[in-house]
Amino acid sequence: MSAFAQLTNENIIELYYDERDIGNYTGCTYPLGTHLANYLWFDLKAINYEYQSLAKLNLTDSFAIDDNMFIDVLNRILTKIDSFCPYLHFHSQILIKAMLNAWKNKSIIAPIEILSLPKTDTMFDVDLFKPFFPGYYIFKDKEIYDDEDNNDLVDGIIGDPIPLTIEKMRDYYEFLITAVLLDIKEKREILYQQFDFIYNNFNNVDVKKLKPDQKLYLLELFNNHLIKNTKNNIQKNRNRLNTSYTLTSFKTKMRIRGKVDLPFENIDLIINSIAESNTHLYEVVEINDINDLMRYELIKMVLLDIPLRKCNHCGEFFVPSGRRDSIYCDRIMIGESRPCSKIGASKKYEDRIKTEPAQIAYKKMYKRLNARLHYGSLTKQQFSLWGEKAQVMRKKCLAQEISLEEFQAWLERSIIT
């Protein structure tokens with residue numbers, strides 16, 4: 001699986017997915033760093049729900065692999081998953097291709113299928129792995145060994161099909177989903193370490209003096225420190241794979257926008273068509289997997305000094321869409337109906353006016369009339385009408401349209417007898 005990425009002069013990532021990928025999404029565009037931060041934010045329970053929907057869909061006998069209804073439903077689910085975060089596209093493609101292949105063949109071939117999956121330590125726990133590939137054990141990243149004592153490497157091309165009943169297929173799908181979710185969690189942990197280091201150190205006065213490439217080198221030294229202090233060899237290799245920057249190289253290729261499909265014999269017509277269609281070549285970076293995209297974005301974020309902030313309301317990392325010193329993100333958190341930027345601004349305003357003399361005077365009169373309402377010497381309608389007028393006058397006072405003395409005098413006159 002591969003994709004292509006281009007960074008525009010406006011620091012916009014243009015991501016083009018592999019044409020062989022399943023689903024309607026062909027790519028997307030987004031400001032540099034925004035979805036890398038979103039990878040730490042989206043709700044894993046919601047993703048698990050959609051992955052379970054994929055599993056149920058693939059276990060439905062009424063759908064065939066080439067059935068139009070199946071493809072339509074499949075595309076809708078994949079599109080919804082992609083909408084959470086473009087990075088999920090890479091996880092989903094691994095998952096759905098493994099599911100479809102198993103369903104189509106009603107079997108899995110060990111160890112070919114497993115080699116295409118993301119590698120996590122928990123995934124290769126013997127109790128989780130062995131029911132599908134009896135006799136195989138995992139000891140090194142991306143390699144499968146068939147004997148716990150002799151460590152004989154299994155050829156990835158050789159393997160006998162293991163038949164799957166519907167019940168076994170259901171278990172296998174659950175195994176695949178568990179593997180992918182564990183991989184997401186693991187990548188989140190690694191990415192969080194990078195963001196946390198950048199956030200806590202790059203605003204340091206001394207670090208600010210460094211050039212962008214020197215900052216990137218500092219981040220690399222931090223990762224080397226993490227790797228050195230990691231005891232698990234598989235984890236060490238995976239950390240280096242995910243977070244090496246100075247050793248990273250990306251392949252580039254040229255793509256054509258505005259192709260001209262005409263016989264070359266008529267060169268004058270071709271020249272005119274190229275000019276009219278504004279045909280041009282543009283360079284893209286080859287993205288082989290999710291790790292490549294993470295490295296690419298992190299490198300560009302550091303080199304281009306893209307600000308990384310922590311939301312004062314939800315506490316999550318985000319890349320500001322407006323001012324560099326924004327303190328609230330624009331996401332809507334679980335259980336909320338408004339974005340953090342709106343909630344935070346309202347809370348800030350409420351906290352500020354709590355100490356305002358006009359608010360204190362309003363609250364004092366509110367409690368006084370509310371007590372009268374409680375004892376029956378004031379009707380609900382009278383209290384409601386007073387409240388509407390009092391809020392209007394309070395806003396005028398806060399906006400300095402009337403003085404505090406004028407507002408206090410109005411409050412005294414507004415007492416209902």
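The following dialogue discusses how to read several features of a predicted model.

Biologist: Which conventions apply to the numbering and to the confidence of the model?

Modeller: Residues are numbered from 1 along each chain as its sequence is written, and side-chain values use heavy atoms, with hydrogens and water left out. The model is predicted, and local features need pLDDT of at least 70, side-chain atom pairs count only at pLDDT 80 or more, while totals for chains, interfaces and linings use all residues.

Biologist: How many salt bridges does the structure hold?

Modeller: A salt bridge is a side-chain nitrogen of Lys or Arg within 4 Å of a carboxyl oxygen of Asp or Glu. The structure holds 10 salt bridges. One of them joins Asp21 to Lys97, with the closest N and O atoms 3.3 Å apart. Asp21 lies in the loop between β2 (12–17) and β3 (27–31) and Lys97 in helix α4 (residues 88–105), so the pair ties together parts that are 76 residues apart in sequence. Helices (H or I, at least four residues) and strands (E, at least two) are DSSP runs, numbered from the N terminus.

Biologist: Is Asp21 buried or exposed?

Modeller: Buried means under 20% relative accessible area, exposed over 50%, and partly exposed in between (1.4 Å probe, protein chains only). Asp21 is buried, with a relative accessible area of 10%, whereas Lys97 is partly exposed at 32%.

Biologist: Which residue forms a salt bridge with Lys80?

Modeller: Lys80 pairs with Glu50, the closest N and O atoms being 3.1 Å apart. This pair links distant parts of the chain, with Lys80 in helix α3 (residues 68–84) and Glu50 in helix α2 (residues 44–58), 30 residues apart. Lys80 is partly exposed, with a relative accessible area of 43%, and Glu50 is buried, with 6%.

Biologist: Where do Lys187 and Asp183 lie?

Modeller: An α-helix has 3.6 residues a turn, so residues three or four places apart point the same way. Lys187 and Asp183 both lie in helix α7, four residues apart, about one turn of the helix. Their side chains meet in a salt bridge (3.0 Å, N to O), and both residues are buried.

Biologist: Which residues of α14 are buried?

Modeller: The buried residues of α14 are Ala358, Gln359, Ala361, Tyr362, Met365 and Leu369. They cover an arc of only 155 degrees around the axis, which puts them on the same side of α14. The arc is that of the directions from the helix axis to the C-beta atoms. On the face turned away from this buried side, α14 carries the exposed residues Lys364, Lys367, His374 and Tyr375.

Biologist: What span does α14 reach from its first C-alpha to its last?

Modeller: The expected span of a helix is 1.5 Å times one less than its number of residues. Helix α14 (residues 357–375) has 19 residues and reaches 28 Å, close to the 27 Å expected. Just after α14, Gly376 takes a positive phi of about 90 degrees.

Biologist: What does the side chain of Ser273 reach?

Modeller: A polar contact is a pair of N or O atoms within 3.5 Å; within protein, one must be able to donate a hydrogen and the other to accept it, and residues adjacent in sequence count only if both atoms are side-chain atoms. The side chain of Ser273 reaches the backbone oxygen of Leu269 at 2.9 Å. Ser273 is found in helix α11 (residues 267–276) and counts as buried, at 18% relative accessibility.
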